[in-house]
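Here's a quick tour of a protein model for you to follow along with. Keep the picture open and try to find each spot as we get to it.

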Amino acid sequence: TQNKLNDTEKELAETKSSLNQRLENVITSLTSTQNKLNDTEKELAETKSSLNQRLENVITSLTSTQNKLAEKQSTLNQRVNQTEKKLQAVTNSLTTTQVELNATRQELAGARNSLGMLTTSLTTTQEMLQNSEQELAETKSTLKLFEEKLGSFKFSLTSTQNEMYNTQVELTATKNNLTQQLESVTASLNHTQEELEAATKNKVRSKWDVLFSDRFFNKQLTREMSQELRSAWDVLDLFLGANITEPVIEHLKQQHESREMVCPETENIL
């Protein structure tokens, strides 16, 4: 029995030594993984700093793009935090395993299973790190595409501004030209008005001058208009449908004017 106990103790010592060696390997792997995580965090920090410097020069139209990059950055941070939590869980599991090594062989079998689970967890962690590096590369590529689009947008904006400036120059020139034409027409109208006023003062008033009033002048002669003046001028029926213009009025004065002055019926209208 003593020999069996001695053999059992030797076997336990060998098993403990083997487990310690495996634990050292696991700890070494964990240290390497932690270093990679630190490198990844540094690279993420440098990338974040570079993104912040570049995004300061981006105009307001790229705000949505910045939000997308921030969301991706947040996703990466969440995944890194999840990896750290898993590593902490692995460390806790290793501590528990070291305590369980002082127990029976049945506990050693459970410890071996736990080591298998740890190996799987480390493999998963490495795969997640590789995915994080790939996502970081995709983020950099996306940022480069955004910078190219920004350059194209700036060029289009500059071209549009030039076109707007040229249009403004043309509008200003057109406005000045129209203003000059309006001033010229206004001056001509004022001169014509003065001539008409002078001519009116020099003329002898006629019963036909009533046709210069706003009620008749430059309007089509209708039967209603003719009825208003029928008691004075039956001759107007001959001109129904014609526009009452200055030549028409002058014709009436010359061909149908009586020697009398303005008749009483039209005096009130004038």
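Let's start with Phe 217, which sits in the loop between α3 and α4. Keep in mind that this is a predicted model.

**Phe 217 and its surroundings**

- Is Phe 217 buried, exposed or something in between? Its relative accessibility is 25%, so Phe 217 counts as partly exposed.
- Leave out the neighbours within four places in sequence, and Phe 217 is in contact with Leu 211, Phe 212, Ile 244, Thr 245, Glu 246 and Ile 249.
- Phe 217 and Ile 244 are 27 residues apart along the chain, yet their C-alpha atoms are separated by 5.5 Å.

**A pair of rings**

- How many aromatic pairs does the structure hold? The count is 1.
- That pair is Phe 212 with Phe 217: the ring centres are 5.4 Å apart and the planes sit at 35°, so the pair is tilted.
- Phe 212 is partly exposed, with a relative accessible area of 31%.

- Most residues other than glycine have a negative phi.
- Asn 218 isn't a glycine, but has a positive phi of about 60°.
- Asn 218 is exposed, and its relative accessible area is 51%.

**The nonpolar cores**

- In soluble globular proteins, nonpolar side chains tend to be buried together.
- Here, the largest nonpolar core has 15 residues, and Leu 30, Leu 94 and Leu 101 have the most contacts inside it.
- Take Leu 30: not counting residues up to four places away in sequence, Leu 30 touches Leu 87, Val 90, Leu 94 and Leu 122.
- There's also a second, separate core of 10 residues, which includes Phe 216, Leu 221, Phe 239 and Ile 244.

**Helix α1**

- Several residues of α1 are buried, among them Thr 15, Leu 19, Leu 23, Val 26 and Leu 30.
- Thr 47 is another residue of helix α1, and Thr 47 is buried with a relative accessible area of 11%.
- The side chain of Thr 47 reaches the backbone oxygen of Glu 43 at 2.7 Å.
- Setting aside neighbours within four places in sequence, Thr 47 is in contact with Leu 136 and Lys 140.

**The whole chain**

- What is the chain built from?
- The chain has 270 residues, and buried ones make up 23% of them.
- Of the contacts with a separation of 6 or more, 73% come from residues 24 or more positions apart.
- The chain exposes about 19200 Å², with carbon and sulfur atoms supplying 50% of that.

Methods. Residues numbered from 1 in each chain as written. Predicted model: local features only at pLDDT ≥ 70, side-chain atom pairs only at ≥ 80, totals over all residues. Heavy atoms only, no water. Buried < 20%, exposed > 50% of the residue type's maximum accessible area, 1.4 Å probe, protein only. Helix = DSSP H or I, 4+ residues; strand = E, 2+ residues; numbered from the N terminus. Phe/Tyr/Trp six-rings, centres within 6.5 Å; stacked < 30°, edge-to-face > 60°. Polar contact = N/O pair within 3.5 Å; in protein donor to acceptor, adjacent residues only side chain to side chain. Contact = heavy atoms within 4.5 Å. Core = buried A, V, L, I, M, F, W, Y, C linked by side-chain atoms within 4.5 Å. Areas by Shrake-Rupley, 256 points an atom, 1.4 Å probe, with all protein chains shown as cover.
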